[in-house]
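This briefing concerns the single structure displayed below. Please keep the sequence and the model in view while reading.

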Amino acid sequence: MLSGRKRINALKMNGWELLPTQREVIGADNKWLYGLAGGLKYGKSLSAGLFLFTESLCNPGHRKKTYWIAANQFDNATYVFEFCLAEFYKMFGNNWSEFAKKKPSMPQRDSWTLELSNGIVIKTKSWGNPESLHQEDVYGLVIDECGLCDEYSWTERLFPRVMNTPDSWIFMAGTWEGAGEVMKRIYEEAQIDEEMVFLCAPSWENTYRYPEGRDHVSFKRLEKELPLEVFEERFAAIPKKPSGLVYPEFSHAVHCGNFPYDSEKPVEIWVDPGTQVYAVLAVQEMGNDEFCVIDEVYEEGYSTEGIKEIISGRPWGDNISGGAIDDKARESQMIWGSEKVGGFAVHLRKRPVNKEAGIERVKTCLHSRIFDEDSLKTFEFRNVRGVPKIFFDKKCRSTIKEFLRYRWPKDLPRAGLPKVPIKKDDHSMDALSYGLIDSLGYVPRNRPMPIRRPDKYSHL
């Protein structure tokens, strides 16, 4: 991949002065995913075409590389293709042989192919036509109107094609209006993953189209006439949370930060010894029933002995005072109390934790309504003020990602059955419920006194 500076310089040579957010995304270094969510008429497809153009200029070794432009329909993919092609004509003139082996071809309706002289091949694809997404090594993927991309097309057809090749990249462009869960989830994950960049830009940042910016007369009129949510999605590019989350209370800005290990305080571990993923959360109590998750161990295919070996190498590994574990943990997973293994002498407490009660307890810690009026930590969730009681260090990426993926099923359960979250992306979530129930107990309920029916035989 090119460095961000080289991309910016190439576009500058072609006469472009990028908008602030455009520049920040296209000029980012060492990312595998680049994303730009813009308001209407911001220039999202153009941004994707400019990024693709710069990445297509250089191909060390001149080995064959395939880049895809994917959209829900071939016509939408063609927009990015034409923007990219226009940049080649601008740089090399109208003589296509200066940069391509042959003229752009259209073998099927609306499906374009451009084979460059340096070995790069650019093709347009449609996930609405799955037959076009055939098996092929893809080194770069541009997704236009990414808000329309469904889960199957992303996880089964597009993402695996790119991740199987070295030094690959993805560029996503779209709008929040009508955006699906894929775009929302990827945006949220990009805010905590240093190898991803996904930014939002309102329509009025495009001062080429709207010289007055936010004060343009059309925005003032639209803000009055449209519902606030519609205006925010369509023009202000304000991101929306994915629907169906178990913990919509969770917020990067509120619950995540830099929370280093304090060697003066003991550490407890909250453990979910899953059959596939072994999750261990290192927690320090901050007082006033507040907790800080300072680190995590989140590994696939590890035994308890292997996890203990990892923990022994962490700075807090020799300061563990206790913890909580799944009450169904096998004896082989309870060797934390053995001094023979890794030098640990830790007692992990077990108690039955009902799924519904565990979720309820975690929710009260993410957004507690019990706080002092002068508290500086308050934030609003669904128009109700509250404070966070649990915090997460930014390096707990797997735990944070689970908050963004742990969701309720779309279908309602059959009559009489409880509503249970999807059994997926729940390992750290379970560990949290074990630890918080162990530390704070179940959420108390104010049950009314039972009504005593009068004894109709009391007169006898």
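At what angle do the axes of helix 11 and helix 13 cross? The axes of helix 11 (residues 355–366) and helix 13 (residues 427–440) cross at roughly 80° and come within 9 Å. The model is predicted, so local features need pLDDT of at least 70 and side-chain atom pairs count only at pLDDT 80 or more, while totals for chains, interfaces and linings use all residues. Residues are numbered from 1 along each chain as its sequence is written, and side-chain values use heavy atoms, with hydrogens and water left out.

- Axes here are lines fitted to C-alpha atoms, for helices over the stretch in contact, and angles run from 0 to 180 degrees between N-to-C directions.
- Helices (H or I, at least four residues) and strands (E, at least two) are DSSP runs numbered from the N terminus.
- Helix 11 contributes Lys-355, Ala-357, Gly-358, Arg-361, Val-362 and Cys-365 to the contact, and helix 13 contributes Asp-430, Leu-432, Ser-433, Leu-436, Ile-437 and Leu-440 (contact means heavy atoms within 4.5 Å).
- The residues of this contact between helix 11 and helix 13 comprise 7 nonpolar, 2 polar and 3 charged (Ala, Val, Leu, Ile, Met, Phe, Trp, Tyr, Cys and Pro count as nonpolar, Asp, Glu, Lys and Arg as charged, and the others, Gly among them, as polar).
- Helix 12 (residues 397–405) also packs with helix 13, at an angle of about 100° and with the axes 8 Å apart.
- That angle makes helix 12 roughly perpendicular to helix 13.
- On the helix 12 side the contact is made by Thr-399, Glu-402 and Phe-403, and on the helix 13 side by His-427, Ser-428, Met-429 and Leu-432.
- By class, the contact of helix 12 with helix 13 has 3 nonpolar, 3 polar and 1 charged residues.

- Strand 7 (residues 169–174) is mostly covered, with 6 of its 6 residues buried (buried means under 20% relative accessible area, exposed over 50% and partly exposed in between, with a 1.4 Å probe and protein chains only).
- Trp-169, Phe-171 and Ala-173 point one way from strand 7, whereas Ile-170, Met-172 and Gly-174 point the other way.
- Strand 1 (residues 33–38) pairs with strand 7 in the parallel sense over 5 bridges (two strands pair if DSSP finds at least two bridges between them).
- Within that pairing, Tyr-34 has Phe-171 of strand 7 as its bridge partner.
- Strand 6 (residues 140–144) also runs parallel to strand 7, joined to it by 5 bridges, and Val-142 stands opposite Phe-171.

- Strand 5 (residues 120–126) has 7 of its 7 residues buried.
- One side of strand 5 carries Ile-120, Ile-122, Thr-124 and Ser-126, and the other carries Val-121, Lys-123 and Lys-125.
- Strand 2 (residues 65–71) pairs with strand 5 in the parallel sense over 7 bridges, and the bridge partner of Ile-69 is Thr-124.
- Strand 4 (residues 111–115) runs antiparallel to strand 5 and is joined to it by 3 bridges, with Glu-115 opposite Val-121.
- The hairpin of strand 4 and strand 5 has 4 residues between the strands, and Gly-119 in this hairpin takes a positive phi near 100°.

- An open sheet of 7 strands has the order 9-17-12-11-10-13-14, and its pairing is mixed.
- Strand 9 (256–257) and strand 14 (348–350) each have a single partner strand, so one side of each is left without a neighbour in the sheet.
- Helix 10 (residues 304–312) packs on this sheet, touching strand 11, strand 12 (290–300) and strand 13 (320–325), and its direction makes about 125° with that of strand 12.
- Strand 10 (residues 267–273) and strand 11 (residues 277–287) pair in the antiparallel sense over 6 bridges, with Val-280 as the bridge partner of Val-271.

**Two buried helix residues**

- Arg-157 is located in helix 5 (residues 151–163) and counts as buried at 16% relative accessibility.
- A polar atom of the Arg-157 side chain lies 3.1 Å from the backbone oxygen of Leu-133.
- Not counting residues up to four places away in sequence, Arg-157 touches Pro-130, Leu-133 and Tyr-152.
- Thr-21, in helix 2 (residues 20–26), is buried with a relative accessible area of 9%.
- With residues up to four places away in sequence again not counted, Thr-21 touches Leu-36, Tyr-42, Leu-199, Cys-200, Ala-201 and Glu-205.

Technical notes. A polar contact is a pair of N or O atoms within 3.5 Å; within protein, one must be able to donate a hydrogen and the other to accept it, and residues adjacent in sequence count only if both atoms are side-chain atoms. Angles under 35 degrees count as roughly parallel, over 145 as roughly antiparallel, 65 to 115 as roughly perpendicular and the rest as oblique.
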